[in-house]
Amino acid sequence: CTGYIETIRFFTIWLKNDFKTISSQGIGKQRMFIDPKVFIDMYECFIDELYSKFSGFSKFQGYIIGACDGSIVDLPNVTLTREEFPVGDENLLKEKRIRARVSCILDVHSKHILTAKIVETTVNEIDLAIEHLENLRQRLDITKLITIYDRGYPSIELMTKIIDLNSKFLIRLPKNVFIHQIKQMKSNDEIIQINMINSRLNNFDDENLKEKARKMGRLEIRIALVDIGKDEPEILATNLTPEEFTTEDLKELYKKRWTVETGFDRLKNLIEIEDFSGIRRPIIEQDFYAHLFVYNLAMTIKNHAENNIT
């Protein structure tokens, strides 16, 4: 059904004979009074209730395993949407599709989306990853969270932030990151030290975190070189200890990151998050976060059904 038909049905049921009619334009106008945070609270409270009610829910060796990633979605291609979701260089991109960046952390075992945001494509993915952690810190015990990141997140600021929050990370590094330290490794699994020099600290956006990093002096990171069947081994960076996870464990853990790609596929092709019912930013955000609630509810029903079948 369209949003208009659903709205008419809702008011007809609840108001019965007291309801006469309302135009689709009138519905759109009234929706501008709804704060999208209503829908953010809906999906976050649903997740928080689920994870607090079932204490052992979706745990792996006592940890929740999350995968952080982003994707690009198409927005309504009209001038008003372009103004509210700027794409950068207007002269260069004025003929292009209007798009937004969607970023999230997804539980790789339960498939639930723990936290997410839709923003302009000009917003940095690292900043969104840090924002996700701050969000989860207020809702869950992130000392028992391992977040897996792909090669787009080789940020010293992000690593420092996660360590400062006493949480855990596993990041697949590009070949050119920490290249000198990795060349000096004598085995495939060692601790390397990254000096917090000014050229690195200048890239920090958080001044408080920058000061903490400066006092820290150096960052100790575990590097594991794992063979995944390619010509060269993949480089994994983590603050998990060898006592918790062996090199082989890290390899298996990283493979779980693929679940977030499946999650985005479900959001786009099953939940149809790109099918927005309006062109204004508040309505686009309402649709997006309402879709997240529906997605998480569907995953809960699916998990429950599969457990019963098993």
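Select W14 to begin: with a relative accessibility of 63%, W14 counts as exposed (over 50% relative accessible area; buried is under 20%, partly exposed in between, with a 1.4 Å probe and protein chains only). W14 is in helix α1, residues 3-15 (helices are DSSP runs of H or I, at least four residues, and strands runs of E, at least two, numbered from the N terminus).

This is a predicted model, in which local features need pLDDT of at least 70, side-chain atom pairs count only at pLDDT 80 or more, and totals for chains, interfaces and linings use all residues. Residues are numbered from 1 along each chain as its sequence is written, and side-chain values use heavy atoms, leaving out hydrogens and water.

Next, colour by pLDDT, the predictor's confidence in each residue from 0 to 100. The chain mean is 90, and 97% of residues reach 70 or more.

Zoom out to the whole chain, which has 13 helices and eight strands. Its C-alpha atoms fill a box of roughly 80 × 55 × 40 Å along the principal axes. Of the 310 residues, 45% are buried.

Now select Y295, in helix α13 (residues 281-309). Y295 has a relative accessible area of 1%, so it is buried. Show its contacts (heavy atoms within 4.5 Å): beyond neighbours within four places in sequence, they include L106, H112, R266 and I271. G263 is another contact of Y295; the two C-alpha atoms are 9.2 Å apart, with the residues 32 apart along the chain.
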